[in-house]
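Dear colleague,

Please read them with the model open beside you.

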Amino acid sequence: QIVRMMNSNSMQPSARRVWEASDLIEKFPPKYFNKNKSFVYSLACKSGTPTGIITATRWNELGLPRAFPKDQPKMTCFHGPFQYPADVVEDEVDWHVNFADPTLFLAYGGPLFAQDEHQVTEHPSLASVKEALLKDKNSSNGAFPPITREGNRSTSILIRGVQRRVEIGLEPNAEANRPNGLYGNNFMQASQEVIEVATRIISPPSISNIIAMAAIGYIHGQYTHGQISTLIGTAFSAFSAAIVESKQKFNEDHRDGRPKVIIHTGYWGCGAFGGNQIVMALIQLMAAHLCGIDELVFYTMTKENAQSYDEALIVYQDLISNGTSVSKAMEEIVKRGFEWGTTNGT
């Protein structure tokens with residue numbers, strides 16, 4: 001059942017868990033089945049076990065508003081990989097999207113190395129969150145299965161306060177013996193020497209907040225109204241939850257005022273799931289506008305890969321230019337006949 005609730009002030013998670021990071025990792029250590037990931041973990045924890053308070057929440061899907069708000073968020077595009085703020089900026093809360101499988105961090109311990117696995121490897125406490133939730137029996141505080149999508153209903157999971165311990169460069173570098181980079185299957189084929197050169201220890205660790213939301217995928221043909229609605233509902237609900245959790249963080253820190261909420265994302269659902277880059281960028285632009293975040297930062301990995309975002313931005317501006325309702329905007333997207341892409345095998 002989709003929760004019909006438009007006001008983020010009244011949103012509450014279906015479940016919440018709080019851990020001290022060092023205790024979490026001691027009780028629920030990551031389980032790696034790939035030697036390269038185990039090696040990076042040893043580098044990440046060389047200076048000690050991750051610390052700090054980690055909070056995880058799970059959120060039911062919201063119904064969509066009827067209209068777009070008057071104010072648009074700032075929209076920024078970077079032609080590169082995800083950037084994580086090194087320092088906490090006063091009055092700002094940054095969130096980074098995890099391009100999740102319906103099962104949270106499904107392949108973190110194996111050889112795969114797409115966006116999801118890359119992010120978890122750089123934030124090793126996330127793996128322990130997954131292991132803790134697998135063993136979680138505390139239903140008195142709300143059942144918390146590590147599931148981000150149940151059928152057509154999103155159940156996105158937000159995790160805040162996670163240390164980013166390492167940065168792993170994915171870009172091709174022939175001189176460093178990674179001519180094809182380390183993304184996808186290239187990671188498991190690389191030697192530990194190559195991976196060590198590509199890995200920078202972050203000292204002191206920075207702090208990240210993660211939005212794990214699952215797209216739909218493995219579909220062919222043109223996008224349908226139902227598929228567009230499902231995707232916008234997923235992103236809108238997850239982004240709205242980020243606003244609520246940002247306010248919660250301010251309350252916990254005894255800070256007054258309204259936090260500036262910034263969400264960092266990219267071509268969500270366009271790898272293994274086979275989403276259309278223009279559509280998936282457009283979905284997130286619309287969701288950011290609908291929920292009222294302050295800024296959406298979009299990463300295209302390369303300058304050549306920015307064309308899809310540029311086209312999505314044109315479509316978005318066209319859709320909202322004449323006061324179109326959300327329903328009409330979705331109908332217009334369908335009329336444009338966007339086709340699903342193909343999986344990239346990662």
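**Backbone, helix packing and cores**

Pro-204 is found in strand E8, where strands (E, at least two residues) and helices (H or I, at least four) are DSSP runs numbered from the N terminus. The peptide bond that leads from Ser-203 to Pro-204 is cis, with omega near 0°.

Before going further, please note that this is a predicted model, in which local features need pLDDT of at least 70 and side-chain atom pairs count only at pLDDT 80 or more, while totals for chains, interfaces and linings use all residues. Residues are numbered from 1 along each chain as its sequence is written, and side-chain values use heavy atoms, with hydrogens and water left out.

Two residues other than glycine have a positive phi. Asp-91, in the loop between strand E3 (74-78) and E4, has a phi of about 75° and is partly exposed, with a relative accessible area of 38%. His-254, in the loop between H7 and E9, has a phi near 60° and is exposed, at a relative accessible area of 73%; here buried means under 20%, exposed over 50% and partly exposed in between, with a 1.4 Å probe and protein chains only.

Helix H7 (residues 225-252) packs against helix H10 (residues 326-335) at an angle of about 125°, with the axes 9 Å apart; the axes are lines fitted to C-alpha atoms over the stretch in contact, and angles run from 0 to 180 degrees between N-to-C directions. H7 and H10 are therefore oblique to each other, given that angles under 35 degrees count as roughly parallel, over 145 as roughly antiparallel, 65 to 115 as roughly perpendicular and the rest as oblique. In this pair, His-225, Ile-228, Ser-229 and Ile-232 of H7 meet Ser-327, Met-330, Glu-331, Ile-333 and Val-334 of H10, contact meaning heavy atoms within 4.5 Å.

The largest nonpolar core has 66 residues, and those with the most contacts inside it are Ile-211, Phe-239, Ile-263, Trp-268 and Met-286; such a core is a set of buried Ala, Val, Leu, Ile, Met, Phe, Trp, Tyr and Cys residues joined through side-chain atoms within 4.5 Å. Among the elements that each supply at least two residues of this core are strand E8 (199-214), H7, helix H8 (277-291) and H10. Leaving aside neighbours within four places in sequence, Met-286 is in contact with Phe-68, Ile-232, Tyr-316, Leu-319, Ala-329 and Ile-333. A second, separate core of 23 residues includes Leu-24, Tyr-32, Leu-133 and Ile-157.

With best regards
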